[in-house]
Amino acid sequence: MGDLRNCRRCGKLFVYMGNPLCRQCIDQDEELFIKVREYIEKNPKCTTMEVANALDITVEKILQFLREGKLELGKENTNMLLDCERCGRPISTGRYCSECAAEMEKGFRGSVPPPTGRQSREKDRMYTAHRRKKY
Ligand SMILES: [Zn+2]
Ligand SMILES: [Zn+2]
């Protein structure tokens, strides 16, 4: 038996099984995904904007399908290409081009640098300030 959680999209309570969305929202996504895929198959030269308008959904939704690697573009879908989030090279699915993916995998196997930066330091400061106030 899984934990009860609130669906990340509709907020409804559901039994968590590894997906942050409830069954209904997953089904909704699946339906949308099929529509998007069919539209792209019929209109290989369309842009993400055209698909969004035609199906009355947001461009983000389509990009989400692409980033998740769920939706894959064919060679003819040149108007819908994504940018690699690391180097900006056009890719057809996922978030990174194959080169960046390979490089990052190499990096992960090596030593991971400790988290630095303003954000984490600020959090520490807030924590100590909070403690000081308490005592
Ligand atoms: Zn839901
Ligand atoms: Zn890249």
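Modeller: Of the 135 residues of the protein, 9% count as buried, a residue being buried if 20 or more other C-beta atoms, placed from the backbone, lie within 10 Å of its own, exposed if 12 or fewer do, and partly exposed in between. This is a predicted model, in which local features need pLDDT of at least 70, side-chain atom pairs count only at pLDDT 80 or more, and totals for chains, interfaces and linings use all residues. Residues are numbered from 1 along each chain as its sequence is written, while chains are lettered from A and ligands numbered from 1 in the order in which they are written.

The protein has five helices and four strands, which are DSSP runs numbered from the N terminus (helices H or I, at least four residues; strands E, at least two). Along the sequence they follow the pattern β-β-α-α-α-β-β-α-α.

The part in question is the packing of helix α1 (residues 23-42) on helix α2 (residues 48-55), whose axes are 10 Å apart at an angle of about 125°. Such axes are lines fitted to C-alpha atoms, for helices over the stretch in contact, and angles run from 0 to 180 degrees between N-to-C directions. The two helices, α1 and α2, are therefore oblique to each other; angles under 35 degrees count as roughly parallel, over 145 as roughly antiparallel, 65 to 115 as roughly perpendicular and the rest as oblique.

From α1, the residues Lys 35, Val 36, Tyr 39 and Ile 40 meet Val 51, Ala 54 and Leu 55 of α2, contact being defined by C-beta atoms, placed from the backbone, within 7 Å. Six residues of this contact between α1 and α2 are nonpolar, none is polar and one is charged. In this scheme Ala, Val, Leu, Ile, Met, Phe, Trp, Tyr, Cys and Pro count as nonpolar, Asp, Glu, Lys and Arg as charged, and the others, Gly among them, as polar.

Not counting residues up to four places away in sequence, Ile 40 touches Cys 46, Val 51 and Asn 77. Ile 40 and Val 51 also belong to the largest nonpolar core, which has eight residues, including Val 36 and Leu 66; such a core is a set of buried Ala, Val, Leu, Ile, Met, Phe, Trp, Tyr and Cys residues joined through C-beta atoms within 7 Å.

Asp 56 lies in the loop between α2 and α3. Asp 56 is exposed, with 7 other C-beta atoms within 10 Å.

How values were computed: Contact = placed C-beta atoms within 7 Å.
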